[in-house]
Amino acid sequence: MNYSETLTYLYNSAPLFQHIGKDAYKEGLTNTHLLDEHFGHPHHNFRTIHVAGTNGKGSCSHTIAAVLQAAGYKTGLYTSPHLIDFRERIRVNGQPISQEFVIDFVEQHRAFFEPLHPSFFELTTAMAFLYFAQEKVDVAVIEVGLGGRLDCTNIIRPDLCVITNISFDHVQFLGNTLAKIATEKAGIIKPQTPVVIGETTPETKPVFLQKATEMQAPIHFAEEEQFVKQVEYTKDGHCLYQTTNYPDLTGELGGFCQEKNTNTILSALQCLQQAGYHINESHIREGFANVCKLTGLMGRWQRLEEHPTIICDTGHNVGGISYITKQLAIQKYDKLHLVIGMVNDKDISGVLKLLPSEASYYFTQASVQRALPAGKVKELAQTFNLHGEAYPDVKSALIAAKEKAAPEDLIFIGGSSFIVADLLKIYYPVQ
């Protein structure tokens with residue numbers, strides 16, 4: 001099989017949550033342990049940092065990885081979902097896993113894993129750990145796929161655990177209260193291992209404290225340490241932070257959500273320094289200023305065009321969209337155009353009620369099975385006084401928005417990671 005055929009095989013033989021949702025979710029770690037044993041426990045060969053949370057874990061994982069790269073560590077990075085190409089999920093020093101490794105992994109090991117019927121995420125996690133071991137990385141930043149306690153990344157024994165925040169998402173798996181969701185995320189807290197909590201609520205903080213006490217794990221609440229004192233948003237879409245230790249810290253990633261992410265990251269980096277990682281101020285400045293270049297991160301308040309301004313963001317639940325609407329409110333433009341689509345297992349109404357009614361809407365759908373039909377999004381949006389037309393795909397919605405937008409207008413595309421994925425494939429076609 002070539003690379004394209006291998007991906008088709010993986011998508012068809014191992015259920016992919018990205019495409020079909022809950023039917024791809026496998027609870028429990030039985031397959032994970034069997035795969036790990038088969039490959040000789042590769043994650044024992046490198047140090048790890050484990051990152052969980054409802055929102056912000058991607059930005060935090062990539063920024064921590066960027067700082068580690070700047071500090072000279074050969075750094076693995078495992079994240080999901082991918083936006084353009086599967087290989088984005090598994091990187092070493094920002095470079096995606098090779099097509100050859102993906103092909104060889106399937107060819108050499110399918111006889112073992114096919115009888116297990118693993119999920120797509122179980123298989124790609126095993127692939128990532130094996131790749132990092134073969135590449136002899138010093139450290140890998142591992143992002144949780146879903147939840148924490150039963151996530152197949154949760155076999156690692158990290159130097160640090162990070163939980164960014166808790167919001168309502170994937171409630172069908174994780175529970176329908178913040179405390180229940182926090183319990184699942186807190187499942188990554190390990191014995192005697194420091195944990196940084198980015199944000200808490202009165203419901204979630206006791207959960208984290210109890211679990212940390214049980215595990216005898218030192219716990220740090222970033223919102224109490226409050227390393228970030230002030231933030232300005234620059235004209236080029238970046239952030240300029242005044243922090244306790246680093247005045248005028250430039251952050252490449254824009255968006256309101258990055259202020260709290262940065263607070264969490266700075267707390268995490270201090271823990272890593274205390275754990276013996278050789279990270280200094282220049283490494284932190286370089287990592288923050290060059291996250292996308294160093295790691296390949298895309299889709300975080302990403303500016304794609306000017307005149308009209310075109311921006312996309314992967315925020316896709318109530319917590320993420322609330323930051324986006326605040327960000328949109330401070331932008332300067334003549335008219336706002338929103339290209340919006342969602343998937344069917346999110347709190348659709350919760351998101352729609354946050355969106356501005358004065359914008360022109362272009363309702364669309366992503367090219368995944370979980371996508372809510374554009375006509376249905378339009379119908380639901382009308383109940384919140386949001387009006388526009390429905391388009392069958394992101395490309396046609398974008399074309400319509402660009403045709404109607406004046407040079408001083410703003411076009412925002414989002415509502416789902418998969419909407420942004422389809423958009424970015426237009427700008428960066430897969431080779």
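I began with histidine 41, which sits in the loop between α3 and β1 (47-52). Helices (H or I, at least four residues) and strands (E, at least two) are DSSP runs, numbered from the N terminus. I noted that this is a predicted model, where local features need pLDDT of at least 70, side-chain atom pairs count only at pLDDT 80 or more, and totals for chains, interfaces and linings use all residues. Residues are numbered from 1 along each chain as its sequence is written, and side-chain values use heavy atoms, with hydrogens and water left out.

Histidine 41 is not a glycine, yet its phi is positive, about 50°. I wrote down that most residues other than glycine have a negative phi, and most peptide bonds are trans. Is histidine 41 buried, exposed or partly exposed? Its relative accessibility is 31%, so it counts as partly exposed (buried is under 20% relative accessible area, exposed over 50%, partly exposed in between, with a 1.4 Å probe and protein chains only).

Aspartate 248 also has a positive phi, near 50°. I found it in the loop between β10 (239-243) and β11 (249-251). At 45% relative accessibility, aspartate 248 counts as partly exposed.

**Cis bonds**

I looked up two prolines next. Serine 80 and proline 81 are joined by a cis peptide bond with omega about -10°, and proline 81 lies in the loop between β2 (75-78) and β3 (90-92). Histidine 307 and proline 308 are also joined by a cis peptide bond, with omega about 0°. Proline 308 is in the loop between β12 (302-305) and β13 (309-312).

**Helix α9**

Which residues of α9 (residues 205-215) are buried? I got Val207, Phe208, Ala212 and Met215. Seen down the axis, these buried residues fall within an arc of 125°, so they line one face of α9 (the arc is that of the directions from the helix axis to the C-beta atoms). The face turned away from the buried side carries the exposed Gln210, Thr213 and Glu214. Among what covers the buried residues of α9 are β6 (160-163), α8 (178-185), β7 (195-197) and β8 (219-221).

**A helix pair**

Last, I checked α3 (residues 30-38) against α6 (residues 120-134): their axes come within 10 Å and cross at roughly 30°. Axes are lines fitted to C-alpha atoms, for helices over the stretch in contact, and angles run from 0 to 180 degrees between N-to-C directions. Asn31, Thr32 and Leu35 of α3 make the contact with Glu122, Leu123 and Ala126 of α6 (contact means heavy atoms within 4.5 Å).
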